[in-house]
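Here is a short report on a predicted model. It covers the metal site, a strand pair and the nonpolar cores.

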Amino acid sequence: MILRGTGEVMAMDEPRRKPSIVKVAEYVASVGEGGRFTKLDLFANVPDVAQADRRMRDLRPMGWKIDNYKVNSDLKPDEYLLVEIGTRIDQGEPVPKTVRKNITGPKRRRIMERDGHACQVCGVHAGAEYWDEAGRNAVLSIGHIIPVSDGGNNDDENLRAECQRCNDESRNNTKRPPAPGEVLIQVTALKSRDKKKRLYAWMAAGRRTVDDVDDAFIQWSRLSRMDRLNVMAKLGSQVIKTDGS
Ligand SMILES: [Zn+2]
């Protein structure tokens, strides 16, 4: 880690920038319905957006009708026609829910498998009871790490298993984020090198990765209640004997 002091960490906490897809929507809308523009016009008008043509494609599921030469023979390759403006994300309208959920069954299963059927935010396993909310069992779904409204896509790397509770919290996030300095203190307070290494791996991957501990827990949670108690008792005696971490 190259975090030297809280001052440097604070500098990372920049004001929120305008999402790429919103910049693209702003430009495309400025052309006006019925207006034409080229791929070069697009790139020139949103110079700081990488892959602006891809971001523009992401507008289509939000009701933006943008024709190209494949569907309109009047257009040259590289030329576009704005037929209809969709959801005005450029004017602060929220991204429709249907766009967020556009993930196929096989992809869903693949992400769930990769994430060990556990919420990548709070760690709760599918169907398990919340440790801090008795009587409520976790329902998992697939969520976006970078929200669609911020230009996030449906690639595997941007998706993760999330429980409904965490998903709701991040969607209506009214809670203030913690102070970066506090988080740094919490991170450095982790005593064992193993814990730090595990956390660092999660940070580098941008999500909680399933390590051998997680996997052992997943396998254990599939046992019957009696078997779970037996295995837990055996581990308990080992932990008490060798407690050092
Ligand atoms: Zn969760």
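A donor here is an N, O or S atom within 2.8 Å of the metal. By that rule, the zinc ion has these donors: Cys119 (SG), Cys122 (SG), Cys163 (SG) and Cys166 (SG), at 2.3 to 2.4 Å. Angles among the four donor atoms run from 102 to 116 degrees, and the site is tetrahedral. Along the chain, the donors are spaced C-x2-C-x40-C-x2-C.

| Residue | Relative accessible area | State |
|---|---|---|
| Cys119 | 0% | buried |
| Cys122 | 31% | partly exposed |

Cys163 also belongs to strand S7 (residues 159-163), where five of five residues are buried. Both faces of S7 are covered. Leu159, Ala161 and Cys163 lie on one side, with Arg160 and Glu162 on the other. S7 pairs with strand S6 (residues 140-144) in the antiparallel sense, over five bridges. Arg160 in S7 stands opposite Gly143.

Now the cores. The largest nonpolar core has 23 residues, and Val28 and Trp64 have the most contacts inside it. Helix H2 (20-31), helix H4 (52-57) and strand S3 (79-84) each supply at least two residues of this core. H2 gives the largest share, seven residues. Apart from this core lies another, of 13 residues, including Ile103, Met112, Cys163 and Cys166.

Back to Val28. Beyond its neighbours within four places in sequence, Val28 is in contact with Phe37, Leu42, Met56, Trp64, Ile66 and Leu82.

Methods: Residues numbered from 1 in each chain as written. Predicted model: local features only at pLDDT ≥ 70, side-chain atom pairs only at ≥ 80, totals over all residues. Heavy atoms only, no water. Core = buried A, V, L, I, M, F, W, Y, C linked by side-chain atoms within 4.5 Å. Buried < 20%, exposed > 50% of the residue type's maximum accessible area, 1.4 Å probe, protein only. Helix = DSSP H or I, 4+ residues; strand = E, 2+ residues; numbered from the N terminus. Contact = heavy atoms within 4.5 Å. Pairing = 2+ DSSP bridges. Donors = N, O, S within 2.8 Å, 3.2 Å for Na, K, Ca; no water. Tetrahedral: all angles 85-135°; square planar, octahedral: opposite > 155°, others 65-115°.
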